[in-house]
Structure formats: structure tokens, C-alpha cells
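Visitor: Can you walk me through this one? I have the sequence and the structure open.

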Amino acid sequence: MTDMHLEKTIKAFNARMWGEAVQESAEGLATAQGRDEVFWMGLHEACQGYALIDQVQMAQAERKLVASMEKLRNFGFQYANFEVTGALAGIRLAVEEIRAVRNKHKKIFDVSLLPQFRLAARADD
């Protein structure tokens, strides 16, 4: 897995530059193999899901985010220096918010609930 694609994906995601995050995660997925490929699929689907939220395509966004959670939940607390648990919590919250909007319990998606993706802290040797 390339740290460069992961860092660029996180930077674009946190800046709410959804198209760039989707593109960077697609590039990471294109070079991934084995277990890394599943990780990148999950990360890519998360980026796509948030891009769809931005386009107010809630049904499609919900499907992408649920698919993302199904893949990422198998990677424990962190994987490849990425904080998986924090990302999963944010994705789950977005799915709940989408469902509230789609079921008319809320009028609009609360964008203040959008998560930040993080790299895990590295210990100095």
C-alpha cells in the first residue's frame, strides 16, 4: 500500500474535496493487492458515499457507506496507519443521518456530522 495515496486521500477527504478524495482512493485501489485491496475498496466506497451526500443522492450514498462499513469493519482499530475505528464511527453516524432524512424524521442532512479521517500516531524509534 502506498502511504502517498493514503495521505492524499485523507487530506482531500478532510478538506471536503470529495472528487479528489474519490480519485486518490481509486488510485490507491488500483495499485492494491490482497488484503490491501479490500481496505482500499472500503475507503473508496466511503469517499464515493460522501460525494453522493454532497450531491444529495441519499439512497446511493447510503448503499456506498454501508458497503464501506462492511469492508472496513474487518480491519480492527487501525490498519496501515489509518484509524479505522474512528472512520467507522463517522460513517455509521452518516448512515443514521441519511436514514433520518430519508424517513422524514429530519429535513436535511446535518453536514456538521461529517467525520475527519486520521492517520494513527507514529511512535519514534
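Guide: A definition to begin with: helices (H or I, at least four residues) and strands (E, at least two) are DSSP runs, numbered from the N terminus. This is a predicted model, in which local features need pLDDT of at least 70 and side-chain atom pairs count only at pLDDT 80 or more, while totals for chains, interfaces and linings use all residues. Residues are numbered from 1 along each chain as its sequence is written, and side-chain values use heavy atoms, with hydrogens and water left out.

Visitor: Fine. What pattern does the protein follow along the sequence?

Guide: The pattern is α-α-α-α-β-β-α, which comes to 5 helices and 2 strands. The radius of gyration is 14 Å, close to the 14 Å of the globule rule for 125 residues, so the protein is as compact as a globular protein of that length. That radius is taken over C-alpha atoms, and the rule is 2.2 Å times the number of residues to the power 0.38.

Visitor: What does the C-alpha trace span along its principal axes?

Guide: About 50 × 25 × 25 Å.

Visitor: And how many of the residues count as buried?

Guide: Of the 125 residues, 45% do. Buried means under 20% relative accessible area, exposed over 50%, and partly exposed in between (1.4 Å probe, protein chains only).

Visitor: What about contacts, which share joins residues at least 24 apart?

Guide: Counting contacts (heavy atoms within 4.5 Å) between residues at least 6 apart in sequence, 62% join residues at least 24 apart.

Visitor: On to helices. What should helix 2 span?

Guide: Helix 2 covers residues 18–31, and its 14 residues at 1.5 Å a residue should span 20 Å; the end C-alpha atoms are 20 Å apart, which agrees. The expected span is 1.5 Å times one less than the number of residues.

Visitor: Which residues of helix 2 are buried, and what do they pack against?

Guide: Trp-18, Ala-21, Val-22, Glu-24, Ser-25 and Gly-28 are buried. They pack against helix 1 (3–14) and helix 3 (35–54).

Visitor: There's a histidine in helix 1, His-5. Buried or exposed?

Guide: His-5 counts as buried, at 9% relative accessibility. Leaving aside residues up to four places away in sequence, His-5 touches Glu-24, Glu-27, Gly-28, Thr-31 and Trp-40. Of these, Glu-24 and Gly-28 are among the buried residues of helix 2.

Visitor: Now helix 5. What do its buried residues pack against?

Guide: Helix 3, helix 4, strand 1 (78–79) and strand 2 (82–83). The buried residues include Val-84, Leu-88, Ile-91, Glu-97 and Val-101. The 19 residues of helix 5 should span 27 Å, and the end C-alpha atoms are 27 Å apart, which agrees.

Visitor: What follows helix 5?

Guide: Lys-104, with a positive phi near 65°. Most residues other than glycine have a negative phi. Lys-104 is exposed, with a relative accessible area of 73%.

Visitor: Where does Val-56 lie, and what is its phi?

Guide: Val-56 is in the loop between helix 3 and helix 4 (58–72). Its phi is positive, about 55°, although Val-56 is not a glycine. At 64% relative accessibility, Val-56 counts as exposed.

Visitor: Last topic, charges. How many positive and negative side chains?

Guide: There are 16 positive and 17 negative, and the centres of the two sets lie 9 Å apart. Lys and Arg count as positive and Asp and Glu as negative, with His and the chain ends not counted. Each charge is placed at NZ of Lys, CZ of Arg, CG of Asp or CD of Glu.
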